[in-house]
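Visitor: I have a protein model open and I'd like to learn how to read it. Could you walk me through it?

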Amino acid sequence: MGSLAGWIATEFCQRRGAKDKLDGTMGTEVVLILLALFAVALVAGAFGSLAGLGGGMVIVPVLTIFFGVSIHYAIGASVVSVIATSSGAAATYIKANLTNLKVGLFLEMATTLGALTGAFVGSYLAGSFLFWIFGLVLWFSSFAMWQKRNQELPENVHPDTWSRQLHLADKYYDSVLQREVPYEVQGTRPALGLMYIAGIVSGLLGIGSGALKVLAMDLTMKLPIKVSSATSNFMIGVTAVASAGIYLARGYINPYLAAPVALGVLFGSVIGTHLLMVLKGQVIRWLFIGLLVVLSVQMLLKAVGIFN
C-alpha cells in the first residue's frame, strides 16, 4: 500500500508528463488507491465535522503510516481536506445556530497569525520532529476529553468583560434535549493565547488545529461541546487557508493525492453534521477518546522509527 501511495505521488505525475499510457495492471492499482483514499477521507470527514477536529486529525496519520506518504505531502493534502471539512459542515451548523460566529471571528485573529507562523517554520523541520509534535497533540486532546467525558452542558460559567462587551453569549435549540440552550462565554483573553498556539500547530501539522480549538472553547471559554465543535468547524477552514498558500508554493500539495482526499472529506463532513444533531455530547467525547488515543500511539511509534 505504501509503495502504491508513493507511486501516485511521484511516478504517476512523471507518466502524465511523459504522456505515457497506463497498462491494465497499473491502471487498476491507481483506481484501487484512489478509492481507498476516498473511503478513508469519507470516514475522516464524518469524524472531523462531528467533533470539530478537522479531517486532518485522521488523514495525516493514515497517509503517513498506512500509505507511506511523506509527512509534508500528507500535511499538504490534509490542509486541503480541512478546508473541505469546514466548507461541508459550516452551512448546516450556521443554519442551526450552533456556530457562534462572533466567537469564531474573534478567535480567528489569533489562529490565522499562528497558522502563518507554523506554516513558515514547518517546512524546515525534520519529519520525525513533526511526528513527535503530532503524537503529543493527539495524546493531550484525548486526556482532556476524558476529564469531561460525562458532561453534557457547561456549569458555573462566569462571563468576563470582553464577553459582555462583544455580546458573545448566544443560544441554540438542542434536538436531543428537546429544549433551547442559552449559554454564556468566559475566558476570552486566555482563549486568544491558546488559539495562537492552535494556529501554529495547524501550520506545522496541517490538522486544522481543531482539537486545540475545541479544547480551548470547551475548557477555557466553557461553551457547550456542540457549539465548540460547530464553531471549530467554521474556524479550521479559515486557518487552513492561511497556511495552504505556503504549502502550495513549496510544492507540498499534490493534486493526485489531495483531490480524492478532499472529495471524500467533503461528503463525509455532510454525514458528520447530521450525526452531531442527534447525538449527545457525552457520546461525541467517548467516540474521540478512543480514536485520539490510537492515533497518538501510532504517531509516536512512527516518530521512533516503527511503521517506517
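This is a predicted model: local features need pLDDT of at least 70, side-chain atom pairs count only at pLDDT 80 or more; totals for chains, interfaces and linings use all residues.

Guide: Let's go through this structure one feature at a time.

Visitor: In which helix is confidence lowest, and in which is it highest?

Guide: Helix H1 (residues 2-9) comes out lowest, with a mean of 48, while helix H8 (residues 161-166) is highest at 93.

Visitor: Okay. How many helices and strands are there?

Guide: You'll find 13 helices and two strands in the chain. Of its 308 residues, 54% are buried. Look at contacts too: among those with a separation of 6 or more, 82% are between residues 24 or more positions apart.

Visitor: And what about the outside?

Guide: The accessible surface is about 12800 Å², and carbon and sulfur atoms own 68% of that. For a local example, look at Ile94, Leu101 and Leu105, which make a nonpolar surface patch of about 250 Å². Leu101 sits in helix H6 (residues 101-122), and Leu101 counts as partly exposed because its relative accessible area is 36%, between the 20% and 50% cut-offs.

Visitor: How do I read aromatic pairs? How many does the structure hold?

Guide: You check how far apart the ring centres are and how the planes are angled. There are five such pairs here. Take Phe106 and Trp162: their ring centres are 6.1 Å apart and the planes meet at 85°, so this pair is edge-to-face. Phe106 belongs to helix H6 and Trp162 to helix H8, so the pair ties together parts 56 residues apart in sequence. Phe106 is buried, at 11% relative accessibility, whereas Trp162 is partly exposed at 30%.

Visitor: What kind of pair do Tyr172 and Tyr183 make?

Guide: Those two are tilted, because their planes are at 55°, with the centres 6.3 Å apart. Tyr172 is in strand E1 and Tyr183 in strand E2, so this pair joins parts 11 residues apart in sequence. Tyr172 and Tyr183 are both buried.

Visitor: Now salt bridges. What's the idea?

Guide: Side chains of opposite charge can pair when their charged atoms come close. A search of the whole structure turns up two salt bridges. In one, Lys171 pairs with Glu180, with the closest N and O atoms 3.7 Å apart. Lys171 is partly exposed at 40% relative accessibility, and Glu180 is partly exposed at 46%.

Visitor: Which side chains meet in the salt bridge at 3.4 Å?

Guide: Asp174 and Lys226 do, N to O. This pair links distant parts of the chain, since Asp174 is in strand E1 and Lys226 is in helix H11 (residues 225-249), 52 residues apart. Asp174 is buried, with a relative accessible area of 1%, and Lys226 is buried too, at 3%.

Visitor: One last thing: which loop holds Gln178, and is Gln178 buried or exposed?

Guide: Find the loop between strand E1 (170-174) and strand E2 (179-183), and Gln178 is there. Gln178 is exposed, with a relative accessible area of 63%. Check its backbone as well: phi of Gln178 is near 60°, a positive value in a residue other than glycine. Asn97 is another non-glycine residue with a positive phi, about 65°, and Asn97 lies in the loop between helix H5 (71-95) and H6.

Conventions:
Residues are numbered from 1 along each chain as its sequence is written. Side-chain values use heavy atoms; hydrogens and water are left out. Patches are made of residues with over 30% relative accessible area and no salt bridge: like charges are joined within 9 Å, nonpolar side chains (Val, Leu, Ile, Met, Phe, Trp, Tyr) within 5 Å. Accessible areas come from the Shrake-Rupley method with a 1.4 Å probe; for residues, only the protein chains shown count as cover. A salt bridge is a side-chain nitrogen of Lys or Arg within 4 Å of a carboxyl oxygen of Asp or Glu. Helices (H or I, at least four residues) and strands (E, at least two) are DSSP runs, numbered from the N terminus. Buried means under 20% relative accessible area, exposed over 50%, partly exposed in between (1.4 Å probe, protein chains only). Contact means heavy atoms within 4.5 Å. pLDDT is the predictor's confidence in each residue, from 0 to 100. Rings of Phe, Tyr and Trp (its six-membered ring) pair if their centres lie within 6.5 Å; planes under 30 degrees apart count as stacked, over 60 as edge-to-face and the rest as tilted.
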